[in-house]
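Colleague: I have the model open beside me and would like to know what lies behind the words you use for it. May I ask you about them one at a time?

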Amino acid sequence: MAIDFGKFRYRLRRTWVLLRRQGPSQVQFWFIALLIGVAAGFAALTFRKGIDLLQTRLYGVEDPHRLHSYAETLAWYWVLLIPVAGGLVVGVLLNVMTRDGRARSVADVIEGAALHEGRVEKKEGIVSALASLITLSSGGSTGREGPVVHMAGVISTWISDRINANGITGRDLLGCAVAAAVSASFNAPIAGSLFALEVVLRHFAVHAFAPIAIAAVAGTVINRLEFGDVTEFTLLQDDQLDFYVELPAFLLLGVVCGLVAVVLMRSIFWAEGAADKVQAITRMPRWLRPAVAGLGLGAMAIGFPHIIGVGYETTSAALTGSLLLHEAVVFAMVKAAAVALTMAGRMGGGVFSPSLMMGALTGLAFGLVATGVFPDVSGAETLYALAGMGAVAAAVLGAPISTTLIVFEMTGDWQTGLAVMVAVSISTALASRLVDRSFFLTQLERRGKRLAAGPQAYLLSVYSAAALMRRTDHPRAASQEACREMIGQGVMVGPTATLYDAMPIFDRWGYSYIPVVARDAGSNSPQLLGALFHVDALKAYSRALADTAAEEHS
């Protein structure tokens, strides 16, 4: 039977028009999820291979996975200067291509999901990925998951814009992209799916699970086509656990790991604040800030080359018990300082891989002490390293479920799940009360984005006064005379103010509306634009809460 290509092209064109106008609800949404999964998987693979290639060129190492060992043989001035050169390139790149000189990461993806209908910044995301690639290749002490997650968000944003996706669809597509990127990065499809739901979307709606799972599988297939079905880390096979006797030790390990995670997070935030003050006092150009941080990293790497890059070689050494007690403690302290310095220098990268390394070192140190004090009732110290790796990472990410599964899938060890779960649950519960739930949500809180408190808090910042106000020519506009009296009392908001700013004013003054004013350039007198009515604000807020609840329970 002959194929009518004219009719085929017509139907294809009609499908594309329908897709652009009405979104994927009218076509096979799962097919789009599959395409996004493949694209995000290739993006993650390209990023990983790019780091390996650039590290090979810069450091001259044949096997990038042995970079730390090889760096010990290099001349000290190369170890010092490579991070400086990388930081200089990153600084110029971010200064020219972004408005604030800051690399984007997971926190920006979470903000995009909550506040921007599943969209992230596209140009800034591409530039941030390139900057992070240079950072990780030239001695920066962060992880690759943050840039990869945001890069996946750029892919989903591009597709959402092309098909005119609404907020729910845009967030689902973003979840698909993130799941595929995480799965491709760590060869962990189950954890990748749950990471997208737990960390980025922050709900477990049934309608989102199937497409996200499809995308995660697609991303994993891309990884395995290149690297095969192998785990990221190889463990010793003699780890044994006497559950009833050793469980109290893992409870205590969870407490220790929770505190270590809090120290790591707060050291990063303290370093960022200190760097901001130094930059302001010295009037340092912002393009120079990453290079200065690179100088500090290079100096540290001369004595401790394990801080260079992602750090999987040191993590593997901890998981196999190849380090002594004092090495594990010192390496963890130096790594925390290196991560804080890299982040303070705005060099880009993520925190997941560093938290895995910190956790493995902490767990190993704890295990060496525990097995030394109670040798007759203790298993292998490497089991504590495995549990510690999951516990610190889960506390930093605020994601106990997906992090536990990532640890299992990265190591292939499912027999010690109870020990890992105990440590993870305790560390996450402790750390979430000492910071705003996680590293990413605390980052957003410091930027004025109150996502940690839930939709009842952050939805207030979605609506601006300008979008909800009744203008002066509205049929039911507020009295201009009354508005000017209120302005004289200082009761007013600007057009960019949100409901988060306006609601306390309603509560304090008890007015039924608030004037919305703007100030003309060169004039001190405010211009009355309209008024924000309390009833309109409450209606918008109520609709937003209802829509969010419907999405999360569908």
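Colleague: Which residues of α2 and α6 meet each other?

Modeller: This is a predicted model, and in it Phe47, Gly50, Ile51, Leu54, Gln55, Leu58 and Tyr59 of α2 meet Ala129, Ser132, Leu133, Ile134, Leu136 and Ser137 of α6.

Colleague: Why are α2 and α6 called oblique to each other?

Modeller: The two helices pack at an angle of about 45°. Roughly parallel is kept for angles under 35 degrees and roughly perpendicular for 65 to 115, and therefore α2 and α6 count as oblique. Their axes are 8 Å apart, and α2 passes α6 in a right-handed crossing.

Colleague: What makes α23 and α24 oblique as well?

Modeller: Here the axes of α23 (residues 499-509) and α24 (residues 534-552) cross at roughly 130°. Roughly perpendicular ends at 115 and roughly antiparallel applies over 145, so α23 and α24 are oblique to each other. These axes come within 11 Å, and the crossing is left-handed. Leu499, Met503 and Phe506 of α23 make the contact with His534, Ala537, Leu538 and Tyr541 of α24.

Colleague: How many bridges join β1 to β3?

Modeller: There are 2 bridges between β1 and β3. At least two are needed for strands to pair, so 2 is enough for β1 and β3. Arginine 471 has glycine 530 in β3 as its bridge partner.

Colleague: And over how many bridges do β2 and β3 pair?

Modeller: β2 pairs with β3 (residues 526-533) over 7 bridges, in the antiparallel sense. Tyrosine 513 has phenylalanine 533 as its bridge partner, valine 516 stands opposite glycine 530 and valine 517 stands opposite leucine 528.

Colleague: What makes you say that β2 and β3 are mostly covered?

Modeller: In β2, 5 of its 7 residues are buried, and in β3 the count is 6 of its 8.

Colleague: Why is phenylalanine 269 called buried?

Modeller: Buried means under 20% relative accessible area. Phenylalanine 269 has 8% relative accessibility, so the residue counts as buried. Phenylalanine 269 lies in α11 (residues 243-282). Leaving aside neighbours within four places in sequence, phenylalanine 269 is in contact with Phe439, Thr442, Gln443 and Arg446.

Colleague: What sets the phi of glutamate 117 and asparagine 187 apart?

Modeller: Most residues other than glycine have a negative phi. Glutamate 117 is not a glycine, yet its phi is positive, about 55°. Asparagine 187, also not a glycine, has a positive phi of about 55° too.

Colleague: Are glutamate 117 and asparagine 187 buried or partly exposed?

Modeller: Glutamate 117 has a relative accessible area of 44%, which falls between the 20% and 50% limits, so this residue is partly exposed. Asparagine 187 has 6%, under 20%, and is therefore buried. Glutamate 117 lies in the loop between α5 (106-115) and α6, while asparagine 187 is found in the loop between α8 (167-186) and α9 (189-201).

Technical notes: Residues are numbered from 1 along each chain as its sequence is written. This is a predicted model: local features need pLDDT of at least 70, side-chain atom pairs count only at pLDDT 80 or more; totals for chains, interfaces and linings use all residues. Side-chain values use heavy atoms; hydrogens and water are left out. Helices (H or I, at least four residues) and strands (E, at least two) are DSSP runs, numbered from the N terminus. Axes are lines fitted to C-alpha atoms, for helices over the stretch in contact, and angles run from 0 to 180 degrees between N-to-C directions. A crossing is left-handed if the near helix is turned anticlockwise from the far one by less than a right angle, and right-handed if clockwise. Contact means heavy atoms within 4.5 Å. Buried means under 20% relative accessible area, exposed over 50%, partly exposed in between (1.4 Å probe, protein chains only).
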